[in-house]
Amino acid sequence: MAASAGPEIERLISLLSKLPGLGPRSARRSALALLKRRDQLLVPLADALAEAAAKVKVCATCGSLDTQDPCAICADNGRDGALICVVEEVGALWAMERASAFRGRYHVLGGLLSALDGVGPDALRVNGLVSRASDGAVREVILALPATVDGQTTAHYLADRLANAGVSVTMLARGVPVGGELDWLDDGTIAQAMRARRPA
C-alpha cells in the first residue's frame, strides 16, 4: 500500500482482505469504491455493520443467525417440527430457503469434521442435534452436507450417532443438475448420478 494512504485506509483494506473472495487487490478496489461513494455506500455500510453486530445472535436451538432467539424458523409453528435438515453453515440454510423446497426445521453444524484442520466432533453442534433428534417428535433427519470428503465423513459420523435416536436418516440426492449436460460434468458427478438412478 502506498505510504500516502494513511493508517485508516490501510486498516480498512486489511479488514476487507480478510473477507472470503477478497484478496489484497480486490480489497483495495472495494475500499476505494467505498471511499469514493462515502454517503451512498460507506456510511450506510458502517451503520448496517454496527446494527448487525449489536442485534444479530445465534439461535440456541438450531444455530442459525437472527435478531431473535429462537430464530424465526424455529419459532414458526407452520413448519414441520418432525423434519430436521442438517447443514454445514448458515449460508447453506439460506440456500435451502431460497429454493423453497423444505418446510421443516434446520440444524447448523458450524462446520465439518476435518482431520487435516483438526476439527473434531466437539467443535461442532453434534450433541445438540442428537438431543433434538431423540426427543420423540422428530421422524427424519436430512443430511444436506457437501459432496466432499469432509462432508461425507461428517455425514457417516452423524448417521452413526443418530442410529439409536429412532429417526430415519437420509441424505440429499447427488447427480446431474437441472439443465446440466453430460459432457460438461465431472466423472464423480456422472458416477453418482448413475448409482442414484430411479425409474423414469
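## Salt bridges

In this predicted model, the side chains of Lys55 and Glu51 form a salt bridge with an N to O distance of 3.2 Å. Both residues belong to helix 3 and are four residues apart, about one turn of the helix. Lys55 is partly exposed because its relative accessible area, 44%, falls between the limits of 20% and 50%. Glu51 is also partly exposed, at 44% relative accessibility.

The count of salt bridges comes to four. One of them pairs Asp76 with Arg103, whose closest N and O atoms are 3.6 Å apart. Asp76 sits in the loop between helix 4 and strand 3 (80-87), and Arg103 in the loop between helix 5 and strand 4, so the pair ties together parts that are 27 residues apart in sequence. Asp76 is partly exposed at 28% relative accessibility, and Arg103 is partly exposed at 48%. Another salt bridge joins Asp80 and Arg139, with 3.4 Å between the closest N and O atoms. Here Asp80 belongs to strand 3 and Arg139 to the loop between helix 6 (126-133) and strand 5, so this pair ties together parts that are 59 residues apart in sequence. Asp80 counts as partly exposed at 28% relative accessibility; Arg139 is partly exposed at 49%.

## Largest pocket

The largest pocket holds about 210 Å³ of space. Helix 1 (7-16), helix 2 (24-36) and helix 3 are the elements that each give two or more residues to its lining. Helix 3 gives the most, with four residues. The lining consists of Leu12, Leu15, Leu16, Leu19, Leu34, Leu35, Leu42, Leu45, Ala46 and Leu49.

Ala52 also lies in helix 3, which spans residues 38-55. Ala52 is partly exposed, with a relative accessible area of 35%.

## Surface patch

A nonpolar patch on the surface is formed by Val56, Val58, Leu65 and Trp94, which together have about 370 Å² of accessible area. Trp94 is located in helix 5 (residues 90-99). With a relative accessible area of 48%, Trp94 is partly exposed.

## Buried Leu145

Leu145 occupies the loop between strand 5 (140-143) and helix 7 (149-161). Leu145 counts as buried because its relative accessibility is 3%, and the cut-off for buried is under 20%. Leaving aside residues up to four places away in sequence, Leu145 touches Val86, Val87, Glu88, Leu109, Leu112, Gly151, Thr154, Ala155, Leu158 and Arg174. Two of these contacts, Val86 and Val87, fall within strand 3 (80-87).

## Backbone features

The peptide bond joining Asp69 and Pro70 is cis, with omega of about 5 degrees. Pro70 is in the loop between strand 2 (65-66) and helix 4 (72-75).

Ser100 has phi near 55 degrees, a positive value in a residue other than glycine. Ser100 is part of the loop between helix 5 and strand 4 (104-108). At a relative accessible area of 61%, Ser100 is exposed.

Note on methods: Residues numbered from 1 in each chain as written. Predicted model: local features only at pLDDT ≥ 70, side-chain atom pairs only at ≥ 80, totals over all residues. Heavy atoms only, no water. Patch = residues over 30% accessible without salt bridge, like charges linked within 9 Å, V, L, I, M, F, W, Y side chains within 5 Å. Areas by Shrake-Rupley, 256 points an atom, 1.4 Å probe, with all protein chains shown as cover. Buried < 20%, exposed > 50% of the residue type's maximum accessible area, 1.4 Å probe, protein only. Contact = heavy atoms within 4.5 Å. 1 Å grid on protein atoms, 1.4 Å probe; cavity = no way out; pocket = protein on both sides within 12 Å on 5 of 7 lines; lining within 4 Å. Points joined across faces, edges and corners; volume = space filled by probe spheres on them.
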